[in-house]
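Welcome to this guided tour. Open your viewer, get the selection tool ready, and follow along stop by stop.

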Amino acid sequence: MLFLTFICLLLLALYWLLSTQMLEPMYNRRIEDQLAAQADSIVELMAATEDEGEIISAWDFGTLVVNSGFRTRLYENLSANTQLTNFCVDISDSTLRSIITIENLYPCLLHNSTLTSRTDEGGFSWDKSTVIEMRRACRRHGSWTYTLNAGGGSQMMVGRMSRDGVYSVLVSTSLVHVAEAGQVMGDMLPSIVVLVLVFALAAAWLFSQWFTRPLRALSRAARQMARGNYTVQVDTARRDELGDLAADFNYMAREVQRSAQMQRDLLANVSHDLRTPLTLIKGYAETVRDITGDDKAHRDEQLNIIVDEADRLTALVSSVMELSKVTSGAEKCERVRFDMGQLCDEVSERYEAVCAQNGWTLKLEIPDQPLEVWADPSMIERALHNLLGNAMHHIGPDGVFILRAEPCGEGVRVEVEDHGPGIPAEDLPRIFERYYRARSDAGKAGTGLGLSITKAIFQQHGFRFGVQSTLGKGTTFWFTMKAPPEEPEEEEKES
């Protein structure tokens, strides 16, 4: 509001400066330019006439004779002037006698012999000057501009000499009362300032209220979010930058609400899973202590349960910590160039023992050619273990799961396929969410965080990824890796 008021006051100050201080000088400069242009055109016309070999004027036995052709062209030149409509022209020869006098202005002070005393810019003065003295002054100074005042009127005169220095040309026109007009406008300015200032204050207040209303709404919504109300939304009816800001705020609020809900769900689920193994560990430890301490068979069985639950607890805590590091950005991916086919081969070797123990088969399908990619090999290895572990938990009756890598347009496409029961279509959009389990996974072992960790790894690398599944036939998780950037070829050295 203060800014708008300041702008209005600044505009009023500029208006006052232009109307009272600069109006008269600018007007006089414009008139002077027009008179100078008219005088210069007459001088050019005289020069053109002399270049054609004609004389402009001559005395014949005491009688002045003026070239009729020059006179005609002069009248045509003056009538063609659309800027000056009322003016006087006086052309005299070296004897200071007039050869042509044109008075298209009344009264013409140029030919008035009752002028007031005045000192012009040239430094000379006259008292009751006549046109003869003005012609003499023009011949003395060559180019001459001054203002005449007489009888309450004011006229500006511009003088020029012909190229040969024989003729002098005087052109004058009247000046309107610009100074008086500026004074009137200056007298009106205080009233105008008051009216404009009142209007500016009212308009600035209304505009500031209208403009800042969405900002105040955003401020209130931000304070509510700070208090924990993540369901707050603001109006997005405006179709401007503030409307876009409100839409972005609503999107942020929804994402914060979703993140907070996921955090609460994660804490609830992890707390539940932590409570279960801790309860079992405590219960079986007390049983071993109080009841089966002397029964080796029962004691070993219960101690094994304690060890298994402790391992389960350790895996859960490790998964939570790993997810936290990857999603928070604490663990940065260090991209290097490596062969994805070789990494797949190394990872598949680690599953030979568990496959032989359970009668499963891990098929490795990679081409003979190198599959160079640009990524963090340790993170990619972790993602492969998560996907292969997920495939083993859902292995089908044939006991086969597949690790496949092949070149594609982006670089390399990697797939992990199982022939298990598949994933229902309604569960596919949420399969990568933290701690989300499909209904078919209820009761199965695992922390429920492996796919979330895998998703975070892919997002950090900027990979495309997804899942395809058919009930009763199996599921395929896939992701595409980017090829390494091209290295500049080394210039061959001249031997």
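## Stop 1

Select Arg337 and Glu372: their side chains meet in a salt bridge, 3.1 Å from N to O. A salt bridge here is a side-chain nitrogen of Lys or Arg within 4 Å of a carboxyl oxygen of Asp or Glu. This pair links distant parts of the chain, with Arg337 in strand β10 (residues 336-339) and Glu372 in strand β12 (residues 372-375), 35 residues apart. Helices (H or I, at least four residues) and strands (E, at least two) are DSSP runs, numbered from the N terminus.

Before moving on, please note that this is a predicted model, in which local features need pLDDT of at least 70, side-chain atom pairs count only at pLDDT 80 or more, and totals for chains, interfaces and linings use all residues. Residues are numbered from 1 along each chain as its sequence is written, and side-chain values use heavy atoms, with hydrogens and water left out.

Now colour the pair by accessibility. Arg337 is partly exposed at 35% relative accessibility, and Glu372 is partly exposed at 40%. Buried means under 20% relative accessible area, exposed over 50%, and partly exposed in between, with a 1.4 Å probe and protein chains only.

## Stop 2

Next, select Arg160 and Asp40, which form a salt bridge with their closest N and O atoms 3.0 Å apart. Arg160 belongs to strand β8 (residues 153-161) and Asp40 to helix α2 (residues 23-51), so the pair ties together parts that are 120 residues apart in sequence. Is Arg160 buried or exposed? Arg160 counts as buried, at 15% relative accessibility. Asp40, with a relative accessible area of 35%, is partly exposed.

## Stop 3: a network

Select Glu417 and Arg404, whose side chains meet in a salt bridge of 2.9 Å, N to O. Glu417 sits in strand β14 (residues 411-418) and Arg404 in strand β13 (residues 400-407), so the pair ties together parts that are 13 residues apart in sequence. Glu417 is buried at 18% relative accessibility, and Arg404 is buried at 15%.

How many salt bridges does a search of the whole structure find? The search finds 11.

## Stop 4: a hairpin

Go to strand β1 (residues 57-60) and strand β2 (residues 63-66), which run antiparallel and are joined by four bridges. Two strands pair if DSSP finds at least two bridges between them. Click Ser57 and you can look for its bridge partner in β2, Val66. β1 and β2 form a hairpin with two residues between them, and Phe61 in the turn has a positive phi of about 50°.

## Stop 5: two charged patches

Select Arg213, Arg216, Arg220, Arg223 and Arg227, which form a positive surface patch. Patches such as this one join like charges within 9 Å, using residues with over 30% relative accessible area and no salt bridge. Arg223 lies in helix α5 (residues 178-226) and is partly exposed at 42% relative accessibility.

Glu346 lies in helix α8 and is partly exposed, with a relative accessible area of 40%.

Key
Patches are made of residues with over 30% relative accessible area and no salt bridge: like charges are joined within 9 Å, nonpolar side chains (Val, Leu, Ile, Met, Phe, Trp, Tyr) within 5 Å. Accessible areas come from the Shrake-Rupley method with a 1.4 Å probe; for residues, only the protein chains shown count as cover. Lys and Arg count as positive and Asp and Glu as negative; His and the chain ends are not counted. The place of a charge is taken as NZ of Lys, CZ of Arg, CG of Asp or CD of Glu.
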